[in-house]
Amino acid sequence: MKYLYAQFQSLKFATKLSLAFLLLVSLGLIYTDYHIRQQFEGKRWAVPAKVYARPLELYVGSPLSSNDLKVELTRLGYQFVPKVVKPGQANISKTKTIIYTRGFKFTDSLEKAQRITIHYSGNQLTKITQSQSEDLSLIRLEPVLIGGIYPLNNEDRELIQLNEAPDAFIQALIAIEDRGFYEHNGISLRGISRAMLANLKAGRFIQGGSTLTQQLIKNFYLTSERTLARKLLEIPMALLLESHYSKADILEAYLNEVYLGQEGARAIHGFGLAAQYYFAQPLSELKLPHLALLAGLVKGPSYYDPRRQPKRAEKRRNLVLKVLYEQDAIDIFQYDSARLAPLGVVQQTSLSKGAYPAYLDLVRRQLRQDYPDEELSSEGLRIFTNLNPIAQNKAETALTKTISSLEKTHGKSIKGLQGGMIVTDPQTGEVIAVIGGRQTRYRGFNRALDTQRPIGSLVKPAVYLTAIEQGYNLVTELDDSPFELDMPNGTTWQPENFDLKSRDYVQLHQALAHSYNLSTARLGMSLGLDNVIDTLKRLGVERPLAPYPSLLLGAQGLSPLEVAKMYQTMASNGFQMPLRAIRRVTDSTGDELSRYPFELEQTIDNNSIHLLQYMLQETTRAGTARSIYDSMPEDINVAGKTGTSDLQRDSWFAGFAGNRLAVVWLGQDNNMPLPITGSSGALRAWTSYMVNETLEPFIAATPEDVEYLWIDQQTGMLSDKGCFGAQQLPFLSGNSPTERSECGIRKKNDAMPAVDRWINRLFE
Amino acid sequence: MTLLNTLYWHQARRLTCLTLILLVSACVFKPSSPNGLATPADIAKAKLIAGLAEQAQINKPIVPVSPATIEVDLQNDAVTILLDSAKAALLQGDLKSAQTILQRVQRIAPRDPNIYYKLASTHLDMKDYKLAENVALKGVSLAQGQDFQLRKFWLMIADIRMQSGDIIAAEKAEHTASQILISPVKTIHLAYRIPHGYGTLTKSRHASLPKQRSFDLRLYA
């Protein structure tokens, strides 16, 4: 009896215990279930913001060579094939290019994927045709993805939908990772027993027998340790996940979650990004051998890294192909041609993502004014920028080649020369290229934005503009003799001309074109330092400037970006504009969140700036920058200024044509003196970039209050068209010289007004 | 008498130059081919020397003289289409879309005053008077010498200033507008035509334009 009671008691206890256990398990399951659903249905991943270059506009008359187009299409990962049959393919020849565009949803409209033929002659697009319909007037290519803004864990991914993954890929993935995916309920007993057997054989834990569902659970919810406890938790979670969601949902999540590689700190997640990272193409455009390689990578992205371990990677790929063949998913011909195909992995240096660190740096800084970091790195925002990959490519080539050729010429004294460059569109203020150093892909010190180096003579236009505003004209005589200035701190300021010579008198326009220091310093002192500073501010210099006389010769340090802003105002007829890297920001679906519109403010009078523009053109035609026209066609007007700082520590050039403004700085990071000046250094890089661009000449219409008069070059007196050495110079109305040269007087007397007109008609 | 003198003097000078040039060319460039015929290279060289000599005679401008006006050619379909869709957006009151489209056109044809006129009007509708005025002023700077355009812009600036409450400045703008007499014939004769788009003035295309026409337009004024 007692025994029975005891038995009953223990049974009761056991029941209680098991009830309690059941309760605990159910509670645990309910909690786990809640946890699984919450995370699966909520925001699954922190998706980095995507940063895009400007889309290439194609229209009749647009400036485009076949080479330019090739650069753009390469950046977009197009395949160059003999026969263009699907999106992402192109065929380039001398006179025409066939492109099957991928299409893109822009904020303002949808560009659909279509097969077009572009005809061009020389550097100009002449016609766009499409097979079905009549000629097209305008289309936009999809923009190049140039980077992302990553969350703290540095996970980068590009989300894809299941239907974007080719069938062959899904087949390959399932064949190699989880053959029974469509049959099991989350776990595969066969898989586990096979794994157990393998583990027993090996005497240690080597195989997991995980299904895709389990792998997803492991990556998505659990840590990556290989423990039994984790394994035990994995099973109920996998079952729960399968009970709630369809195979398609689970597969799609898997495609986006899985880890597939590492680039520095950046972790490559998901097949959407992996396709870009290894093949520079969207997953949907990859061919069988590529797809097999990606499917094979899951097992060990670093062990099978196709860039570092190509042999292992190839073996793994061929194994995947073999399995596919054995399952009759591919025929023998497909198998053989895929097996023998090269890996097809692109070099890391040819990837667009990560190719423009200096530009991205500028984008990030401009964005941080409006968006918190957290939002940028997790909400999948899309950022549309003004980067022009074609221009950036040309600028990089020009800068790096010039630096190496300077190193070759000057040897040791210039070793390690660095540089920075900014290119903008002077009409709109859009920044189209940024170079932060000679290693253009290096994500380090950004010299275009962060060097603040004395700008030397680049400051002079501000002095001469002030002079014009105060009533000087282009032929006003300036004193170019040596002088000394006692400074309040007891020192003496004693400027010198670059050629160490001095001149008694020079005309104002010549002083700027030849960059004379003595006359500029004298002029600036008589204009008043505060007035020159005020002009600099109106030109767009924002930092506080101290009124030291040395300011007049460019002792002030500025970054290339600040210089670009200053020269932008000169190029755009006196309108100051913010230099914009970003066009707009949208959410992940393409709805606009914010825009960065064209803004401007007229800060310099149209007439005065016209006179300055004349002098900056004289600088490039006959002054310190005249070497430009050794390689620039005569009919492309450009304007600009050289700059060399004290002891030749910095070599600068800032200048513009009608559609491009560029600023180049060259110097040593340790501030050592250089054997080069602005003319023999930075100007060469500038010219070599500009002559490779499709340029429009700089032309400004003559403003209302400006008149061009014939002037005798020697004396600066009024002259006449027919007189020797006469030139036409612009003057503000009522501020022209009054004295007339001898020849000028004779001509004037010779010509009766009516007769003069008649003669003119005869000769023109 | 004076007239004849001038004429003769000019022509005599030109004739002398030409003769000299021809003589010089003939002397310097003995044909290099064995059969005594001039090769294309010889001809090119002779032309170069002749060109240089001629340039030295007339005062070749160091800096090209600015034209009185720059008129944009309105023959570009892309621009027309985009301007039409901007117009449609404006009619629907969708100012933001209109601005997006207008900025797209601006990148294609940044010197077309019409774009700035429309852009300024969107800013005016959004009551952003300062920006509206500055965009209109940019239009003024691009439309130099085109009376019809200039008057349109100054009337708009008057309107902007009026709406922003600056009546004195508005009257000033209106006065400026009223001073502009429209004479379309003059504009066409003075116009230096820049076709739409950056590419149309590329090296090759531009080089084929007669030089005289591009830079000495002031002489026609």
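Guide: What follows is a set of questions and answers on how terms are applied to this predicted model.

Visitor: Gladly. Why are helix α9 and helix α10 of chain A called roughly perpendicular?

Guide: Look at the angle first: α9(A), residues 288–297, packs against α10(A), residues 310–326, at about 105 degrees, with the axes 8 Å apart. Angles of 65 to 115 degrees count as roughly perpendicular, and therefore α9(A) is roughly perpendicular to α10(A). From α9(A) the contact takes Pro289(A), Ala292(A), Leu293(A), Ala295(A) and Gly296(A). The α10(A) side includes Ala313(A), Arg316(A), Arg317(A) and Leu319(A).

Visitor: What is the make-up of that contact by class?

Guide: The contact of α9(A) with α10(A) has 8 nonpolar, 1 polar and 2 charged residues. Gly counts as polar and Arg as charged.

Visitor: What makes β12 and β13 of chain A edge strands?

Guide: They belong to an open sheet of 3 strands, ordered β12-β14-β13 in chain A, with mixed pairing. β12 (155–157) and β13 (259–263) of chain A each pair on one side only, and that makes them the edge strands. Neighbouring strands here are turned by 30 degrees against each other on average, direction ignored.

Visitor: How do you know that β12(A) and β14(A) are paired, and in which direction do they run?

Guide: Pairing needs at least two bridges. β12(A) and β14(A), the latter residues 266–269, are joined by 3 bridges and run parallel. One to find on your screen is Arg157(A), whose bridge partner in β14(A) is His269(A). Helix α8 of chain A, residues 270–279, lies across β12, β13 and β14 of chain A, at about 115 degrees to β14(A).

Visitor: Why do β17 and β28 of chain A stand at the edges of their sheet?

Guide: This is an open sheet of 5 strands with antiparallel pairing, in the order β17-β16-β30-β29-β28 of chain A. β17 (430–435) and β28 (639–644) of chain A each have a single partner strand, so one side of each is left without a neighbour in the sheet. The twist averages 10 degrees from one strand to the next.

Visitor: What makes β16 and β17 of chain A a pair?

Guide: The cut-off is again at least two bridges, and 5 bridges join β16(A), residues 418–425, to β17(A), running antiparallel. Asp425(A) stands opposite Glu430(A) in β17(A). Helix α14 of chain A, residues 389–410, packs on this sheet and touches β16, β17 and β30 of chain A, its direction making about 35 degrees with that of β17(A).

Visitor: And how many bridges join β25(A) to β26(A)?

Guide: There are 3, between residues 582–586 and 592–595, and the strands run antiparallel. Val585(A) stands opposite Ser594(A) in β26(A). The hairpin has 5 residues between its strands, and Gly590(A) takes a positive phi near 100 degrees.

Notes
Residues numbered from 1 in each chain as written. Chains lettered and ligands numbered in written order. Predicted model: local features only at pLDDT ≥ 70, side-chain atom pairs only at ≥ 80, totals over all residues. Axes fitted to C-alpha atoms, helices over the stretch in contact; angles between N-to-C directions. Helix = DSSP H or I, 4+ residues; strand = E, 2+ residues; numbered from the N terminus. Parallel < 35°, antiparallel > 145°, perpendicular 65-115°, else oblique. Contact = placed C-beta atoms within 7 Å.
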